[in-house]
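This report covers a model of a complex, its domains, its chain contact and some of its helix packing.

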Amino acid sequence: MEWVTDLLTMMISAGTPLLLATLGEIYAERSGILNLGVEGMMAVGAVTAFGITLVTGNPLLGFLLATLTGCLLACVHAFLSISIRSNQVISGLALSMLGLGISSLAGRRLIGTPLPVTIRKIPVPLLSDIPVIGAFFNQDPVTYTSYVLVVLLWFILFKTKLGVIIRACGENPQAVHAAGIDVYLIRYLCTLIGGALAGLGGAYLSVVYTPTWIEGMTAGQGWIAIALVIFAVWNPIYATVGAYLFGGIRILQYRLQPLGISVPLLKTLPYVCTIVVLVVASSGKFRKRIGAPAALTIPFEK
Amino acid sequence: METVVEMKGITKRFPGVVANDHVDFDLKPGEIHALLGENGAGKTTLMNILYGLYRPDEGKIFVRGEEVKIRSPKDAMELGIARVPQFPETVDNLSVAENLALLLPGKILRKNKIQSMIKELAERYGLELDVDAMVYELSMGEKQRLELIKALCRGAEILILDEPTTVLTPSEVESLFQVLRRMKEEGKSIVFVSHKLEEVFAIADRITVLRRGKKIATVPAKEITKLELAKLMVGRPVTFELKKEPVVFGEEVLKVNNLRVLDDRGLLAVKGVSFSIRAGEIFGIAGVAGNGQRELVEAITGLRRVEDGEVVILGKDVTNKSSADIIKLGVAHIPDDRRVGAVLTLSVMDNLMLKNYTNFSKNGILDLRKARELAEKLIEKYKIVTPNVNVPVQQLSGGNIARLILARETSGECKLLIAFHPTFGLDVAATEEIRKLLLELRRKGVAILLVSEDLEEIMQLSDRIAVMYRGTFMGIVDSEKAKVEEIGLMMGGVKPET
């Protein structure tokens, strides 16, 4: 049983950056904004957190500024797609490239430098000794924070008025506008939440998981997060399943490498799985139950 | 207090049109004031101004005697003005409770609070609704009830109802009217926007008539007759009768046998429908939208898969054949949505040759001269008003687009015409012309399947009438023996006693 617990522990850790980015994108899409710039926002978050932690020795400050830069980048997308109603797909793609570009430029001197601090796992007494389940309680503080975020974001989305407003914005913004609520404000808010969480996910990669700065270290995780939103049927709770599953696939890559399977082939594994997930999520049964928010990618005009 | 709302000299211009031209309108406390006019007369514009969706270019608005500027629906709501839109603006993927939560104070969703509130409204006005139901499960009448409850939640004293009966069955209309009368007794003021004379007479205290953006008159409902009112509305005397000549029906053109069809959600929308139409006959299908009419029409025209049963046209089994095969048999189709019937960004000429462009091409190259000749011929014959043949169709008015589709569909060899809401959204004059054209085709021996929500249209044109309700026919009656009340009951799901 021990190996199951160990594997799960690693899956959770590997899945945390995906989970954070997916949670953020769920909020953006629930409000009707598709942000394909997750990859870029994660990369910028990663380089910011790494750089700040390196200079100040304070990882908390690193994380804080990573969420902020994620927000800043999301602001560009929000302005383009909400305020001036441009095409969300194009704007998101541009954001991805912009983010990757900025991160590699900013991170040129950081390559290969080790961090002065490391974030250790802090096992929760007693709970972490339980077989299998204990995997959840043998993690670092950021992962614990992500659990809180999952529950909090789920609660807000489904049990509060704000959540109803967010969902209504993604389904029928006209109805929200008619109720006297500012659709633009809600969409900006959700897009910024998306940016903040993507930035945080990137920060986790460079400061906690790896921890080092490598150019292009997000390695397509931002794109996988976008696919996971569909897999999670836009529900924060289900996002954990998808994120940890893909965390597992990442672990599998490293495990299969010594067995002599070619590395480039293994690198395709997450994307092959993404395609499988999308095929399953698009099949009739899933689609009937819940589809994408009806107003996703549709600009709102007063 | 004499008036709750007073609008003075309201003018609103849109590019190319003056939607409201110095319109005056006032509303007294505890009255139902009808705003009557044809489509495009400026009723909705005027009410959108009152609701803060548009800002007037000129004019003043007074609410309870004080001049106000209404910049957004939020401003309107604060003044106690609420609007029940023509097509419910509910969020279909949320529950009734969640839809209401959008408007209520409090940060956390509390279902029992919403439940008790609805219970109170049910007792006061007869507005009942299940708070747990998802909105997409509701009927149109229930969705409208939800809109009314939303308005009351916001503490509305002044209600604007924009064409509220468009989506309702006759019995739902009656229960809506009861609710409105109860509201009136409670001192609420109601603006009832409509283009239907009968309804306006049944519910209004006063009537204001708009025509082409101008106010024509305001009269107490008791002091005017229907004919006078119709004349005010249209600007000329109106005949309510169309001449329908007797014809001898020919061979059986369309035969539909026990047809079963699924809707987009994969649910059975047409549940075993059978009928046949002979040459020269108009077969009308009445019913409220969303009872399977669309799926039935799409199945017959080859646009939707048939699950079970068969469609036979002129003796040939065309079940699940492609629409191209069906068109070749001489089937014309006027879809309910003009954006489906015509490609709006293409020119008039392109649209007119869309169905048989192969006739205009030689070795894959179009013979534009021939196409232009045909287009010009059809424009003249069907009186399509267009600057020239190269204008994109979207610049034409609704009536002209309707004529264009009819011209393309019926100019060739036409044995069977499937007309789905052919006059939807057209003004009185255009409607009359389209109806005349349909009768002309009937005289020529075309079999016509007419699907319409407009009961008057169905009664006027059809030889036989079927009423569709939840995917089945409630009955098929001869139009000469049919009574409006009987058909109205069937539309609401009540089987006739036979």
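Domain bounds here come from an automatic or database domain assignment. On that basis chain B is divided into domain 1 (5-234) and domain 2 (252-491). This is a predicted model, in which local features need pLDDT of at least 70 and side-chain atom pairs count only at pLDDT 80 or more, while totals for chains, interfaces and linings use all residues. Residues are numbered from 1 along each chain as its sequence is written, and chains are lettered from A and ligands numbered from 1 in the order in which they are written.

**Confidence**

The predictor gives the complex an ipTM of 0.82 and a pTM of 0.77. For chain B the mean pLDDT (the predictor's confidence in each residue, from 0 to 100) is 88, and 98% of its residues reach 70 or more. Helices (H or I, at least four residues) and strands (E, at least two) are DSSP runs, numbered from the N terminus. Within chain B, helix 11 (residues 338-341) of chain B has the lowest confidence, with a mean of 81, and strand 20 (residues 447-451) of chain B the highest, at 95.

**Domains of chain B**

The centres of domain 1 of chain B and domain 2 of chain B, taken over C-alpha atoms, are separated by 33 Å. Two residues are in contact if their C-beta atoms, placed from the backbone, lie within 7 Å. By this criterion nine residues of domain 1 of chain B are in contact with eight residues of domain 2 of chain B. The side of domain 1 of chain B that touches domain 2 of chain B has four nonpolar residues, four polar and one charged. In this classification Ala, Val, Leu, Ile, Met, Phe, Trp, Tyr, Cys and Pro count as nonpolar, Asp, Glu, Lys and Arg as charged, and the others, Gly among them, as polar.

**Contact between the chains**

Chain A gives 20 residues to the contact and chain B gives 19 residues. On the side of chain A that touches chain B, two or more residues each come from helix 6 (161-171), helix 7 (173-178) and helix 13 (284-289) of chain A. Helix 6 of chain A supplies the largest share of that side, seven residues. By class, the side of chain A that touches chain B holds nine nonpolar, six polar and five charged residues.

Axes are lines fitted to C-alpha atoms, for helices over the stretch in contact, and angles run from 0 to 180 degrees between N-to-C directions.

| Helix pair of chain A | Angle between axes | Axis distance |
|---|---|---|
| helix 9 (residues 221-231) and helix 12 (residues 269-282) | about 25° | 9 Å |
| helix 5 (residues 141-159) and helix 6 | roughly 75° | within 5 Å |
| helix 3 (residues 59-83) and helix 4 (residues 88-106) | about 160° | 10 Å |

Angles under 35 degrees count as roughly parallel, over 145 as roughly antiparallel, 65 to 115 as roughly perpendicular and the rest as oblique. Helix 9 of chain A is therefore roughly parallel to helix 12 of chain A. The contact of helix 9 of chain A with helix 12 of chain A has eight nonpolar residues, one polar and no charged.

Helix 5 of chain A is roughly perpendicular to helix 6 of chain A. Residues A:Ile156, A:Leu157, A:Phe158 and A:Lys159 in helix 5 of chain A meet A:Leu162, A:Gly163, A:Ile166 and A:Arg167 in helix 6 of chain A.

Helix 3 of chain A is roughly antiparallel to helix 4 of chain A. Their contact divides into four nonpolar, six polar and no charged residues.
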